[in-house]
Amino acid sequence: MFFEDLDGNARYEWGLWNSWHNQKESCQEPDSDNNGSSSLMGFPLLSEERVKDMIATEKEYLPKNGYTSRLRGEDLMLSVRSEALDWILRASPKHGFGPLSVWLSVNYLDRFLSVCVFPGQAWIVQLLAVSCLSIAAKMVEVDVPHVVDLQVWEEHLRKPEFLFEPKSIKAMELMIMSRLQWRLHSSTPYSYIDHFLNKINDNYHFLSSATSKSIQLILSTIKSVQFLEFRPSEVAAAVAISVSMEMLQSLDIDEIVSQFILVDKDKVVKCVELIADLSLTSECGSPIPTSSPRLA
């Protein structure tokens, strides 16, 4: 088995808002004559053509076909994902990592699991989680701790059960990146959320609140395997609709969806319904529980 050369020594309390709020507070309100040409973060909004190009390449950065069915049918596979996801969700806020790092970590995790027959030993699961988070942090974060420090948090009064040497993490990182064919620049729902929110309402004050809610709602979707059947652009469109309909209750979903010409409208509506069924919008103003459920 390809894990034999890896040696190993034998949870979401997060101010997700900390990094987001720090960024938001540094932003100036756009001039009133911008006409929605800038996002809340002060960057130019994506053009329709750019969004179209990004959507066209999304499939290259998704888990292989059949992965969701495997998760639903194989308890071991589901347990591995849940345990790794739980570790990522606990570790990320301790190091000040933003939601993009979390999403990318889970994207790498799901894509890797979709092409591997993965053993369920606890130390291997944690090594996989550490390595996925390490790769994602290197992709998007400014300050990334040493890989040993990445595994140790301040509240630990004793050495973690598993503490991997840098060479072990490096070997696993290389294995993950190789299995992903070095395709690491995945589009995420965060790539599109400004685009879809602006199509609904380009008022700055609406966007400020809606974007904050959307950031956490997007993150809430990664826990459920049911959302794996949707592309990042479809999740972003559904989140934009869900948040907007909660804030602007007079909105008509059919009218909104008709404006989203680049995504599969039926899948977006299905995703909106799933968000409502799971009551995720009612949770997006509250911290995510510190203990993730065993089954994602």
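Author: E165 and K167 form a salt bridge, with their closest N and O atoms 3.8 Å apart; the term stands for a side-chain nitrogen of Lys or Arg within 4 Å of a carboxyl oxygen of Asp or Glu. E165 is partly exposed, at 37% relative accessible area, and K167 is exposed, at 57%. Here buried means under 20% relative accessible area, exposed over 50%, and partly exposed in between, with a 1.4 Å probe and protein chains only.

This is a predicted model, in which local features need pLDDT of at least 70 and side-chain atom pairs count only at pLDDT 80 or more, while totals for chains, interfaces and linings use all residues. Residues are numbered from 1 along each chain as its sequence is written, and side-chain values use heavy atoms, with hydrogens and water left out.

The structure holds 9 salt bridges. Another of them joins D86 to R90, where the closest N and O atoms are 3.3 Å apart. These two residues sit 4 residues apart in helix α4 (residues 75-94), so about one helical turn separates them; helices are DSSP runs of H or I with at least four residues, strands are runs of E with at least two, and both are numbered from the N terminus. D86 is buried, at 15% relative accessibility, and R90 is buried too, at 8%.

A further salt bridge runs between K138 and E173, with the closest N and O atoms 3.1 Å apart. K138 belongs to helix α6 (residues 122-140) and E173 to helix α7, so this pair ties together parts that are 35 residues apart in sequence. E173 is buried, with 7% relative accessibility.

Helix α6 also meets helix α5 (residues 99-114): their axes come within 8 Å and cross at roughly 130°. Axes are lines fitted to C-alpha atoms, for helices over the stretch in contact, and angles run from 0 to 180 degrees between N-to-C directions. The two helices are therefore oblique to each other, given that angles under 35 degrees count as roughly parallel, over 145 as roughly antiparallel, 65 to 115 as roughly perpendicular and the rest as oblique. Residues in the contact (heavy atoms within 4.5 Å) include L104, Y108 and F112 of α5 and L128, C132 and M139 of α6.

Q181 has a positive phi of about 60° although it is not a glycine.
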